[in-house]
Structure formats: C-alpha cells, structure tokens
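Have the structure open and follow along as you read.

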Amino acid sequence: MPTLDICFSPELLPLFDLRGRVAVVVDILRATSSMVTALAAGVTHIVPFSELAACRLMAAQGYLTAAERDGVQAAGVDLGNSPFGYLDGGVAVQGRAVAITTTNGTRAIELSLAADAVILGAFLNLGAVADFVRRQNKDVVVVCAGWKGNFCLEDTLFGGALAQRLQPDFDTTGSDATLAALDLWHAAQPDVAAYLLKSAHVRRLNNLESHQDMAFCVKLDAYNLVPIWQQGRLVAAE
Ligand SMILES: O=C(O)[C@H](CS(=O)(=O)O)OP(=O)(O)O
C-alpha cells in the first residue's frame, strides 16, 4: 500500500528522498491556491522564479508577471499573490502565460523537483489531487511551503485533509507528521476558516490584504484541476 508522509517545511526536505514519490507542494496562503485559480481561469502555464528580477524580465517574452514579497505585490509587475487577481477582471488572464515569484511557494516548488512528479495542492483542488495521486499509486510526500522555513498551520491542515481523503487506500499511520496533521485537521472541524483565524499567516494577511483571500483559499473542491510540473513549467494535468 502506498504511503503518505508530510514534510512540514522545505528546510526539512533533505530528510526526505523524493525519488520514486509524488511531491504535492502546498502553500495554502497563498501561492498554490493562486496558481490553481490561475490555471482554472484560463492561464496556459506558469513559470515560477525565485528571483524577482528574473520574473520581471519575462514580461518581454509576453508573460504576465506576478510577484509578491512579504505579502505585498512587488513594484512593476501585473499581479500579486491574491487568487482574486485571476478572477476580478482587472487583468485579462485567459490564454496568457504567467511568470511568478512569491516568498515561500515558488521556493518549495523548486526544492521538490527531485520527485517523480511534482503537483500543486490547495483546498481548492483537494479532491482532484486525491484522485490524481490514487491513479499514480506511488508514495506521496506533501511538501508544506510553510513560512520562511517555519512550520505553518494551514499547509499542515491540507496534509491532514489529503490524508483523510486517501484513507483507506494509502498508509497514513507510518509517520508521526501525518498522524499530527490528521489530528490537526480533525481539530479544525467543522470550521477551518474560524480555526485558522489564530494562525500567524492569517494575522499577517489581514494586515496586508483583505480577509476575503483566506475565506476563498479554504474552500474545498472548487476546481477539478491539478497543476503539474512538466518541462520547466506548471500546466493543468490531463
Ligand atoms: O503572499 C502570501 O500570502 C505569502 C507571503 S508571506 O508568507 O506572508 O510572506 O507568500 P507565499 O509564498 O504564498 O507563502
């Protein structure tokens, strides 16, 4: 039976051998939630960058540029890190490619590329991710983007939610990280948004961008789509 493990922070990735496994990178607030939303809104593909300057340069190649540092949109780009940037009609995104850099999410993706497959998870596409990894029938590691190397509640909650969805087809009992995430997910019921009000990230976001981002990012199964890393870019899996 395949296993599901959870890496609480990219800093812990050296402890994991990703070869032969599927990495599910998660940054609920907000990078992977925004990337799932972007592809669902008709973005053709997404290229993540760690450096802001390299991301900005992609505008010359016709890319929309999205960049955020410490929760705030960077200067001189088209979009920040809010999923509503792809929904509110302010920027026409249908049929466009996006170059993106964020504080934690893009780094977590880059550090996960040793895996057999790298996909993006969010509450917004939880069911689609569960279906995808079931079809792969390989061990799974949920890679939490965390915050600047630290543990965070919201990404760990996603790990618990995915573990619950994959029971009983996956072994979710072999790792204390998964057991803890499952307990956390149960503790957050029935109102994940209310539970997350105490999290550090939500307090930061409420100071920076509107509370509507958090309410949106905790919606379950809004999109039946899985972003997957293919040839240096993220596309919607077939
Ligand atoms: O934009 C976000 O929500 C965060 C910024 S931070 O964690 O508050 O610095 O970036 P992300 O890369 O999506 O975690």
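A residue is called buried if 20 or more other C-beta atoms lie within 10 Å of its own, exposed if 12 or fewer, and partly exposed in between, with C-beta atoms placed from the backbone. This is a predicted model, in which local features need pLDDT of at least 70 and side-chain atom pairs count only at pLDDT 80 or more, while totals for chains, interfaces and linings use all residues. Residues are numbered from 1 along each chain as its sequence is written.

Strand β2 (residues 22-26) pairs with β7 in the parallel sense over five bridges; pairing takes at least two DSSP bridges between two strands. Within this pair, Ala23 has Val118 as its bridge partner.

Now for the backbone. Most residues other than glycine have a negative phi, and most peptide bonds are trans. Leu29 and Arg30, however, are joined by a cis bond with omega about 0°, and Arg30 sits in the loop between β2 and α1 (31-40). Asp221 has a positive phi of about 60°; it is partly exposed, with 14 other C-beta atoms within 10 Å. Gln231 also has a positive phi, about 50°, and counts as exposed, with 6 C-beta neighbours inside 10 Å.

Terms used. Helices (H or I, at least four residues) and strands (E, at least two) are DSSP runs, numbered from the N terminus.
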